[in-house]
Amino acid sequence: MDELSLQKVPYFFVIDFLSENVEIYQENEIEKSGLIIDFQEFSNTKETHALDKKVVWKSFPETLESFKIGFDKVQKNIRLGNSYLVNYTRKTKIETNLTLEEIFYHSNAKYKVFYKDFFVFFSPETFVKIINGKILTYPMKGTIDASIENASEILKNDKKEKAEHYTVVDLLRNDLSMVADDVKVDQFQHIDFIKTQQKDLYAMSSEISGMIKPEFDGKVGSIMQKLLPAGSILGAPKPKTLEIILDAEGYERGYYTGVCGWFDGQNVDSCVMIRFIEKEGNQLYFKSGGGITHMSKLEDEYQEMKNKIYVPIH
């Protein structure tokens, strides 16, 4: 990645959660790879027809008791002081009459990728942008059902959501400081509206920026290596929290919560691979979760994990 970015050669990259698999595609290789990408700065989508069927969408979440097993492991570690924020995720069986490609074409999201017969995601979350030597990140933490009265105010003032948001902002400010100078929080607790077929949600995000340090200038690979895994889907402190996640979740995240991005020869736009549907054999799975702190309540976290099993098709 460094080699190509130093030579200013455009490419698309995909990095899994544990940074064990890194895939790089130059522009002319994307088509052959079976990837269809729809980012703000880059898209190789084809013309598509309106969806002429009623969407069937069923999810089969695990029981509360099953969810509780990992949740309790996480809470125990938080009480022991090993972590103060753990992003706990689950894998849920889903059934739909949509193909992964149809989900890709008909869902609305800032970032969408379809990887032939493997996965599709429709992510609202930017990881980092690099624009003319400036690096920006937009951690997203905290969601609420938009139909609740005064939902955005409730979200902004919810103690648990607020603590989670502060933690992630702090974590990412520290992360950016490894590769950038003059790191600052430009926007704090900004509320975004997300429309989905199941329900409308509000999500809370902030903006943090800095100027890339000279030794990282043009080295996109080195920057990603320093920053990954993404703090917003891991927790803090990172090394210990990763151990807790691997023990509590009991399944492989794979590419889910990894990052992918487009380098256009000068600038980078990348996203966190969340809102993620994966195919295993003939079965589809939706991977989702949320941040757990010492204030988290089992039932609320279980509900949040289920709330996120949606497809943004109207």
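**Entry 1. H3 and H8**

I looked up the handedness of the H3 and H8 pair in this predicted model, and H3 passes H8 in a right-handed crossing. A crossing is right-handed if the near helix is turned clockwise from the far one by less than a right angle, and left-handed if anticlockwise. Helices (H or I, at least four residues) and strands (E, at least two) are DSSP runs, numbered from the N terminus.

I recorded the geometry next: helix H3 (residues 64-79) packs against helix H8 (residues 238-249) at an angle of about 155°, the axes being 8 Å apart. H3 is therefore roughly antiparallel to H8 (angles under 35 degrees count as roughly parallel, over 145 as roughly antiparallel, 65 to 115 as roughly perpendicular and the rest as oblique). Axes are lines fitted to C-alpha atoms, for helices over the stretch in contact, and angles run from 0 to 180 degrees between N-to-C directions.

I then listed the contact (heavy atoms within 4.5 Å). From H3, Gly70, Lys73, Val74 and Asn77 meet Ile244, Asp247 and Ala248 of H8. By class, this contact of H3 with H8 has 3 nonpolar, 2 polar and 2 charged residues. Ala, Val, Leu, Ile, Met, Phe, Trp, Tyr, Cys and Pro count as nonpolar, Asp, Glu, Lys and Arg as charged, and the others, Gly among them, as polar.

**Entry 2. H6 and H7**

I turned to helix H6 (residues 159-179) and helix H7 (residues 220-227), whose axes come within 9 Å and cross at roughly 145°. The crossing of H6 and H7 is right-handed. Asp175, Leu176, Met178 and Val179 of H6 make the contact with Ile223, Lys226 and Leu227 of H7. I noted 5 nonpolar, no polar and 2 charged residues in the contact of H6 with H7.

**Entry 3. Strand E6**

I checked the covering of strand E6 (residues 111-115): 5 of its 5 residues are buried (under 20% relative accessible area with a 1.4 Å probe, protein chains only; exposed is over 50%, partly exposed in between). Tyr111, Val113 and Tyr115 point one way from E6, and Lys112 and Phe114 the other way.

I followed the pairing (at least two DSSP bridges between two strands). Strand E3 (residues 35-38) runs antiparallel to E6, joined by 4 bridges, and Ile37 has Val113 of E6 as its bridge partner. E6 is also joined by 5 bridges to strand E7 (residues 119-123), again antiparallel; there Lys112 has Phe122 as its partner. The hairpin of E6 and E7 has 3 residues between the strands, and Asp117 takes a positive phi near 50°.

**Entry 4. Conventions**

I number residues from 1 along each chain as its sequence is written, and side-chain values use heavy atoms, with hydrogens and water left out. For this predicted model, local features need pLDDT of at least 70 and side-chain atom pairs count only at pLDDT 80 or more, while totals for chains, interfaces and linings use all residues.
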